[in-house]
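Welcome! Please take a look at the sequence and the structure below, then read on for a short tour.

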Amino acid sequence: MTSGTGARVIMNMQVQKDLQRLGHQANNQVIDFVRRLREDRANRSLRLAPLRAAGANGELLIAAIPPHHAALLLRTEERRFTVLAVREGAAAHEELSRLTVSINPVSGLPEVIDQVRASDNVLAFSSQSGPQDRAERSPQVRSPASVTPLPSELFADVSDDDLTGLGVSRSLLTSIRRITSREQLDALLGDNVPELTRDVLLALAEDVPVQDVRRDITDAWHTPGADPEDWAGAARHPALVSTDDDAVLDALGDSFEAWRLFLHPEQRRLATTRFKGSAKVTGGPGTGKTVVALHRVRHLVSQLPPGHDRPVLLTTYNTSLAEDLRQRLRKLGGDDVLERVRIESVEALARRIVAEERSVDLGYPLPDDAAMSLWHTVRTETGHLHYDADFLDDEFRHVIIANQCTLYTHYRGVGRPGRTRITVKQKREIWELVEAYRAHLKASPRQTTFDLVAAEAARIAGERKRDHDRFLEYKEEQGGRDLIHREAASLMGGSAPRLPFRHIVVDEAQDLSASHWRLLRALAPEGPNDIFLVGDAHQRIYAHRSILSHYGIRTPGRASRRLTLSYRTTREILGSAGGLLAGQPFDDMDLGDDTLDGYRSVLTGRAPEYWHAPDWQSEQRALAALLVERHKKYGTPYEAMAVAVPDGTAAAQIAYTLGTSDHPVPVVEIGRDGVPENASGVRIGTMHRFKGLEFQRVFIAGVSEGQVPHQRIEPYRLNNPDRYRQEEQRARSLVFVAATRARDELVVSWNGRPSRFLPRDVHKIAHSAASLLKADSPPSSASVA
């Protein structure tokens, strides 16, 4: 609330884009202006000048922001201002004055269009004469054979009424009708057009049918009762962001922080909808799934009654991602939200539950490599050397533990869909190996595995939930009466059975195991908004394939939604990465299929860059040269760049080479728990470690045949084709994940033969590391945006 001569100042997404384009100086000046306007709207130093009326209940103003900027504002009430646009330079006032300002009749949002710049941008990319300039030329006589056909309009099949009905700004129709190429469309969209217009045109350009665009895009933006003449109503649209909180001002102009302020309508709807039960959100990299999850948590906390408990759980599959979620939620909601939310990885959650159960002693979980080594030991001891250790580990984790097989009779009857068929005799031998494995774990000093911990935690939580359900049934039978003895027991130190959480939000859901889902289902009662999960099977980097409905997590109909717009990865990078998965089948984390069809980017940029080297050492030296170049010549901070490699050995080797090269590069390795806070240097890690991260420039090294995918899967090609397909698909997903961590640039390198996953003509477009290393200094032959 404001008082006295203060004011409330609102921002729209187009202002955020203006500030990103204009840079830090403009950002700081606008923030200072907003603070002064909030404090005293009558301050003459604000230099507010009337421009023109906006309908019957609004007024447009121009504010000079010394020394070089100006802003366009909408005033709809005495104390309410909406910042619509920012320009710089001597022509700033003139540019703001000519802007077309209107209310979109579909979204109900105020929109700003520069028709002059829109037209100029489209015409600047005209490769052939269009109808608009053909009429200006003097007529020439040509034979019919010499006439060059005019290029057709990109949106010729869509009428003006359809375009505007879908939400395209009417003032852009003239420019849109001149577009004949994708380059012209990109030029138009690159000039900060309204989001709804951008989303619709991008979809239509990808040949999405009008009816599908209306269903998937327009309906999400539609605001019932939107009045294109009601400026006061438009200024109160929930998509606009108030600057009352200084944390909002701190995020203005920062492309990495925009998620805190502005949500796509579909994202906002998912974050705030009341679901009857569980809900699932899927989508490709950069579509804002984690953003939705974080806003969902904030919304759920806002609906809680006052208290000091933590009835909301925010979880993901590893500790480093959980810590990242904690930091981002603090930015989004502050300590007030954090105090009502428990944030921990599902592994940490499972370990805590088991540790709190005094009757259970599983021992400490073995590292993954030690757990695998133990399989080699029991193979030798039992004489069953014909079973591969990788196969045994996979069978133990994803068949035996996943199906809660504690006896051979359980295992003998369990189904193994999608896996190689095995005989009853083979099952008996495998069970013998499993018993030997478990015997080793129980021997002193007692040890366990992360999967066994998760299974035990799920068992413990399941028993507690059954007690809770029985208590509720008894209470209902008694009509809420005759529970005096139980309530008294609670007061005397015992407690009536209760579940720890009311709401659970899961990020990176595709990588959770069956035991994880059993555990989470047992931690919250079934009911409205119980479990909200986000994930993408295309980014599954572990071998977990879980069917949610089998664990009591059902998301039918509109409780399952799919996001299709990427706000992080450019169209060029996305197209290259998407090619890795073309033709591969993927599930929707339940009984259905998922696809990347319709998945598209709102960003354009450079095509991925490829480098080949004669050997691994040369590839590492070339990588060092490229990193130094990006830092010194183009000003990219080292911490905004990252190097992904196939395995931990390669990560250690690259870290050493970069630190000791002729042009030393500071490095920070991404460990199981992420990187130390405020650590400076290029991030280096395996592709597994890149999940959930984001960088300005990503370099994927060692993408050589035999390494990606690893040659160890080759024996499966003939003797276990199903396993081979699974392992190859997982390897593809790993590269896909690493590639889509890049925001502005993706660089891929290899030594020897390139991986089969790379484009077939990659040799023709790749740069030579050998030629790069001949130079005395590290410039490359490739241009960098």
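**A threonine and its partners**

The side chain of Thr-290 makes a polar contact with the side chain of Asp-507 at 3.0 Å (a polar contact is a pair of N or O atoms within 3.5 Å; within protein, one must be able to donate a hydrogen and the other to accept it, and residues adjacent in sequence count only if both atoms are side-chain atoms). This is a predicted model, where local features need pLDDT of at least 70 and side-chain atom pairs count only at pLDDT 80 or more, while totals for chains, interfaces and linings use all residues. Residues are numbered from 1 along each chain as its sequence is written, and side-chain values use heavy atoms, with hydrogens and water left out.

**Around Thr-290**

- Thr-290 lies in helix α14, residues 289-302 (helices, H or I, have at least four residues and strands, E, at least two; both are DSSP runs numbered from the N terminus).
- Thr-290 counts as buried because its relative accessibility is 16% (buried means under 20% relative accessible area, with a 1.4 Å probe and protein chains only).

- Strand β6 (residues 100-103) pairs with β7 in the antiparallel sense over four bridges (two strands pair if DSSP finds at least two bridges between them).
- Thr-100 has Ile-113 in β7 as its bridge partner.
- Six residues separate β6 and β7 in this hairpin, and Gly-108 in the turn has a positive phi of about 75°.
- Both faces of β7 are covered: Pro-110 and Val-112 are buried on one side, Glu-111 and Ile-113 on the other.

Methods: Buried means under 20% relative accessible area, exposed over 50%, partly exposed in between (1.4 Å probe, protein chains only).
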